[in-house]
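Dear colleague,

Please find below the structure that I am handing over to you, with its sequence. My notes on what was found in it follow.

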Amino acid sequence: MIPVSAGMTENMELKEKLVSSFMAFENMVDIDSPVHDIRTEAIKHFEVEGFPTKRQEAWKYTSLNSVLKHDYSVFPKHEEALEFKDVKRYFIHDIDSYQIVFIDGKYSSHLSQTTHDGIDVCLMSAALTKPKYRLIIENYFNKIATKDGLSSLNTAFSAEGAYIHIPKNKLVEKPIQILHFSTGNEAALMLQPRNLIVVDENSYVQIIERHQSLTDNPVLTNSVTEVFTNKRAIVDYYKIQNDRETASLIDNTFINQNRESIAKVHTFSFGGKLIRNNLNFFQNGERIDSTMKGITIIGNKQHVDHNTLVHHIEPNCESHQDYKGIFDDSSTGVFNGKVIVEKEAQKTNAYQANNNILVSDKASINTKPQLEIFADDVKCSHGCTIGQLDDSAMFYLRSRGIPEKEARALLMFAFSNNVLDSVKIPEIKNRITKIIANKLGVNIGFDL
Amino acid sequence: MLKIKNLHASVDDKAILKGIDLHVKPGEVHAIMGPNGSGKSTLAAVVAGKEEYEVEEGEILLDGENIDELGPEERAHKGVFMSFQYPVEIPGVSVTNFMKTSINETRKAKGLEDMPANEMLKMIREKSEMLEIDRKFLSRSLNEGFSGGEKKRNEIFQMAMLEPKLAILDETDSGLDIDALRIVANGVNKLKSKDNAVIIITHYQRLLDYIVPDYVHVLMDGKIVKSGDKQLAHKLEAKGYDWIKEEVGV
């Protein structure tokens, strides 16, 4: 008899539950649509793949056992309304924006501001069912999401999320905020939001995404976002991860870029129990620019894992990665940055940096650059550092009257703030600096 | 103001200060000179509160209060300032923001409100002009890529902003050309009053041409072996330290 570890049984239980829930799910969606064939295929993939385990190379330092042990509700029973004033602080509320808001996975028209005026900023549920979106769905839906267990699970249950289509030559001035609230109506809740963002030639859009739990009931979000950045389009994407320490997030984002497009993703990770960011860029064209930057500041037993992939397929493209991490208490971090440069991708310029500070003896970070270069005329650089706060700098600041806690916060902020240089929306910059000050327990302005 | 009594201090169990006595009164300028490794910088760091140094014996009194157990920031709040021999580079923190944080944290410790922004800007303008510091310089990261002279001028700028009761200048003259030396000395002289005091730690007499000391002390092997007036500095400049070694038998 083969001994089965406790973790495995828990994974199996949740897996069984999800697979058997699929039949109930089929009663709620149109099973005759072509999308449903994709879902049916995906649930089979999930049945085979299951949840990832530490035995897989890409999950060596992140165990999902502690988040998979809950008996999650897959379909929340009743709908909950929220008042804007009660959740206002989770919005970037000092800017004019479109908003797509979900409460326990259900769309909240009350809190949302969508549009069909020249651009489509609306719901995945509408896009998956209405004929006018059929062509876009056929061309783009599930075309770049990988077939791993978690993405397949999301695809199988894909029904709701944000749908954004920007036709060509549109400069979308108002950023689009995508917010997911969970209310705690369920003892434990699992969410599978599915977003599709298609930005056509010469268009520009800014997106802000946030997941927020309002109680301490466990929440697990397994999100999939597909982004298509067509010729010369620009996408500026901000992910604000500052959830409660009972909420976990697996963010699977796939970005396909066509020639001369620019895609930037900034990920700010301060909260949550466990966060795994699977961020994938596929460069299908020349002169593409991909940027991914992040600030991670965590403590207690929090865990944040950044798993990035840039696939350089064609010549004359660039990628820039810059991730800063500060780890206190018993928190753990992972950075795994994979860069593939195909044989045809000559003159690639790929830059990767991951710098970390361990504030406590019990904190740890595993950082691993993974470069697979098949072209011979490329510039690829990578560097990772792990250090402590500089004692002489601490003494210098303190000798000028800045108390220890504030001095430490100032140094930590200074360590990470160049990531904010490329943030184009000042209100986001302000919000992030406030969250950082709050996280570090100080009341000083970092207006540097 | 400052009374150091029989101070013994060590770092990593190595004794560096071996019984220092020093009494500095308001309005006075004291110079501490001595060969390399005699303990001059250690004395400055111990008074400023650097934690790597262990006070084994004796006490440091500021206005009668023993400050030995206080952290560096608390000493700063009480008016102690040290100009660093090697100011630390801190990328990502601008000079202005650093000064703002420093002043407001000091005010907070005294139960005062933050300094109003316009008042702060005015003060920054005045003090930077006094030290002939370019405005552009103030938005740069603290000490990052500054020349030796710029770093030292920036230290005196901080001193001017914080208006300390006791300023310890640790080899502020090293790395300064003659023009910068004059600017720095000028700044220090303008800040001098009957209520504050300055301790100048230096190898050379040249800074003392500009900031005239009331007392000159010679530190050797962790002890003050000779004290005198400004003539002592001239004698040291001309004759070196060997004659003192012979005289006191070190």
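**Two loop residues with positive phi**

Lys347(A) is located in the loop that joins strand 17 (332–341) to strand 18 (349–358) of chain A. Please bear in mind throughout that this is a predicted model. Although Lys347(A) is not a glycine, its phi is positive, at about 60°. The residue counts as partly exposed because it has 16 C-beta neighbours inside 10 Å, and a residue is called buried at 20 or more and exposed at 12 or fewer.

Arg287(A) also has a positive phi, near 50°, and is likewise a residue other than glycine. Its place is the loop between strand 13 (274–284) and strand 14 of chain A. With 16 other C-beta atoms within 10 Å, Arg287(A) is partly exposed.

**The domains of chain A**

**The contact between the chains**

Chain A brings 20 residues to the contact and chain B brings 22 residues. On the side of chain A that touches chain B, helix 8 (391–399) and helix 9 (404–416) of chain A each provide at least two residues. Helix 8 of chain A gives the most to this side, with six residues. The side of chain A that touches chain B comprises 10 nonpolar, five polar and five charged residues.

**The largest nonpolar core**

In soluble globular proteins, nonpolar side chains tend to be buried together. Here the largest nonpolar core has 178 residues, and those with the most contacts inside it are Leu410(A), Met412(A), Phe81(B), Ile168(B) and Ile200(B). Helix 9 of chain A gives the most to this core, with eight residues. Domain 1 and domain 2 of chain A each contribute at least three residues to the core.

As for Ile168(B), once its neighbours within four places in sequence are left aside, its contacts are Ala44(B), Val47(B), Ala48(B), Phe81(B), Met82(B), Ser83(B), Ile199(B) and Ile201(B).

**A helix pair in chain A**

Two packed helices are described by the angle between their axes and the distance between the axes. For helix 2 (residues 34–49) and helix 7 (residues 149–156) of chain A, the angle is about 145° and the axes are 7 Å apart. The crossing of helix 2 and helix 7 of chain A is left-handed. Helix 2 of chain A contributes Ile38(A), Arg39(A), Ala42(A), Ile43(A), His45(A), Phe46(A) and Glu49(A), which meet Gly149(A), Ser152(A), Leu153(A), Thr155(A) and Ala156(A) of helix 7 of chain A. This contact between helix 2 and helix 7 of chain A has six nonpolar, four polar and two charged residues.

With kind regards

Key:
Residues are numbered from 1 along each chain as its sequence is written. Chains are lettered from A and ligands numbered from 1 in the order in which they are written. This is a predicted model: local features need pLDDT of at least 70, side-chain atom pairs count only at pLDDT 80 or more; totals for chains, interfaces and linings use all residues. Two residues are in contact if their C-beta atoms, placed from the backbone, lie within 7 Å. Helices (H or I, at least four residues) and strands (E, at least two) are DSSP runs, numbered from the N terminus. Ala, Val, Leu, Ile, Met, Phe, Trp, Tyr, Cys and Pro count as nonpolar, Asp, Glu, Lys and Arg as charged, and the others, Gly among them, as polar. A nonpolar core is a set of buried Ala, Val, Leu, Ile, Met, Phe, Trp, Tyr and Cys residues joined through C-beta atoms within 7 Å. Domain bounds come from an automatic or database domain assignment. Axes are lines fitted to C-alpha atoms, for helices over the stretch in contact, and angles run from 0 to 180 degrees between N-to-C directions. A crossing is left-handed if the near helix is turned anticlockwise from the far one by less than a right angle, and right-handed if clockwise.
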